[in-house]
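Subject: Structure handover

Hello,

I am passing on the structure we spoke about. Please look through the sequence and the model first; my notes follow below.

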Amino acid sequence: MSNSLQQAIQFDQQHIWHPYTSMTDPLPCYHVASAHGCEITLSSGERLVDGMSSWWAAIHGYNHPQLNAALHAQADKMSHVMFGGLTHQPAIEMVERLIDLAPAPLDRVFIADSGSVSVEVAIKMALQYWFSIEQPEKNQLLTIRGGYHGDTFAAMSVCDPVNGMHHMFRHALCNQRFVERPAVEFGEEWDPSSLNAIQQELEQYHGAIAAVIVEPVVQGAGGMRFYHPEYLKQLRRLCDQYDVLLIADEIATGFGRTGQLFGCDHAGIVPDIMCVGKALTGGYMTLAATLTHTKVAEAIGQGQGGGALMHGPTFMGNPLACAVASASLALIQQGKWRAQVKQIEQQLREELIPLNQHPEVNSVRVLGAIGVVELNNAVDVARTQALFVELGVWIRPFGRLMYIMPPYYISTQQLSKLTHAIAQYLKSVTS
Ligand SMILES: *Cc1c(COP(=O)(O)O)cnc(C)c1O
C-alpha cells in the first residue's frame, strides 16, 4: 500500500495542478482517505483536526448524516437534468430556504455553479440593470483594495490589484475603480473620515459607476482583515445617495461564519445584489447563488436588453448540489450555529490573543468562527504544513497569515489542538 501510495502522490505531482501551484515545483500534497466530523484522515493513517472547513465550506463537518441522506436520496431520483425549460423540487426547495434566510427583500435568485460565477452574474445583473433603464454609461465597478472576489476575469478585475494574485493579467482586465480599504478595524472606535475616499470617488464618478462591490466586514483571501460595520452602513447610504447599486459578496462570510448570519447583518443593511457560495452546500459540492430584489429583476426583465438575464451554465441548478444545499440550509435554519460560533469566538479569543506577545506575531484578530494570526514574515508552507500534520491538525497558512475557521460543532478539545499547534509553530520559529 505505501509503495502505491507513493506512486499515486508522484503521479499527482507530475500531472495535476492544485490551487495556485506550479507544475514544475509543486508543494507537497497529503493524500486523504476520508473525512468525518471535524477530522480528516490521511491515507498514511494520521488523523487531523480540520481548521479550514475546506476553505469556509464544510461548516457542518464532513460526512454529515443529514447531508449524506439528502445526497443519496437525490442520486436515486436523478443526478442532473438541464435547467433550461425544466425545473425540479431540489432547486425550488433550496431557493425557498435561501430566501427565508436572506435579508428581505432579496427574493429573486440566480443559481450559479461556483462563487466566481455568481460574482460574474452579479456584475452582469448590475450592468444589465443600467443598460435596461437606458443608462448604459454606468458600467464601471467601484471596490475597496484588499478584496478577493474570485478567479474568473470579471471577478479578477475587482480583486485587489496588488495582492489579488492576478496582477499578471491586469492588461486583459476591465479597468475598475479602487479606493483604499477602510482604515477602521472591526472593534475599533469609528472614525467618519475613513469614508472620505469612497465618498469622493462616488461623488465624482457616480455617473460612470454601475455598482460598488465589497465583501461585507471580512475581507477574506485578500488579507483576512475585518473592518468596521459602520463603514458598510454608511456605504449603503452613499450608494442610495449617488444612485449606485451595492453588491455584497457573502461567499466567504455567509451562513454564520462571522457570528451573524450574513456579514451585512453586522451593519443592519441589505445590499441590492448578494452572492453566496462556499458553505451553501455545507462543503459537499460546488454551488453558489446570486440574489437580488424586485427592482433590479423587473428592470432587467422589462428593459432594453430584451428581458432575459444573459447567463445559463450547463450545470445550472444541479439537483444533487441543490438537495445537499437544501439540507445544509435546513440545519442553518435550526439556528444552533449561533451559539456554536459564539463559543468558538470566545475560545479563539482566549487562546489566540495571548500569542500577540510573541515577537514574530504582527497581530491577532478574531471574529465569529475566524481566528487570524498575522506574522511578521511569510511562512514556509511546506515545512509548516509538515509540522502541523505531525501535531495532528490541518491548517493551511498563506503568506504571513496563519488562520483557522473550523466547522461549527468542533469540540473544545479539538479547537485547543488547533490553537496549540499555532503556538507550537511560533515556538519552532524562535528556537
Ligand atoms: C472563494 C470566494 C470567491 C470565489 O468562489 P469560488 O467558488 O472559488 O469560485 C469569491 N468571493 C469570495 C469573497 C470568496 O471568498
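I start with the ligand: a polar side-chain atom of Ser-116 lies 2.6 Å from one of its oxygen atoms. That is a polar contact, meaning a pair of N or O atoms within 3.5 Å; within protein, one must be able to donate a hydrogen and the other to accept it, and residues adjacent in sequence count only if both atoms are side-chain atoms. Lys-278 also places a polar side-chain atom 2.6 Å from an oxygen atom of the ligand. For Gly-115 it is a backbone N or O atom, at 2.9 Å from a ligand oxygen. The residues around the ligand (one heavy atom within 4 Å of it) are Ser-114, Gly-115, Ser-116, Tyr-148, His-149, Gly-150, Glu-215, Asp-249, Ile-251, Ala-252 and Lys-278.

Before going on, some notes on the model. It is predicted, so local features need pLDDT of at least 70 and side-chain atom pairs count only at pLDDT 80 or more, while totals for chains, interfaces and linings use all residues. Residues are numbered from 1 along each chain as its sequence is written, and side-chain values use heavy atoms, with hydrogens and water left out.

The protein is assigned two domains (bounds from an automatic or database domain assignment): domain 1 covers 31–63 + 336–430 and domain 2 covers 68–334. Their centres, taken over C-alpha atoms, are 27 Å apart. In the contact (heavy atoms within 4.5 Å), domain 1 has 26 residues and domain 2 has 28.

About 2300 Å² is buried between the domains, and carbon and sulfur atoms give 64% of this. Buried area here is the accessible area (1.4 Å probe) that two parts lose on being put together, summed over both. Of the area that domain 1 buries against domain 2, Trp-56, Trp-337 and Leu-367 supply 32%, more than any other three residues.

Between the two domains there are 13 residue pairs in polar contact, both residues at pLDDT 80 or more. The elements giving two or more residues to the domain 1 side are α2 (53–56), α11 (336–352), β13 (361–367), β14 (370–375) and β16 (401–404). Helices (H or I, at least four residues) and strands (E, at least two) are DSSP runs, numbered from the N terminus. With four residues, α11 gives the most to that side.

Lastly, some backbone details. Ala-104 and Pro-105 are joined by a cis peptide bond, with omega about 5°; Pro-105 sits in the loop between α4 (89–101) and β4 (108–112). Tyr-20 is not a glycine but has a positive phi of about 50°, and belongs to the loop between α1 (2–15) and β1 (32–36).

Regards
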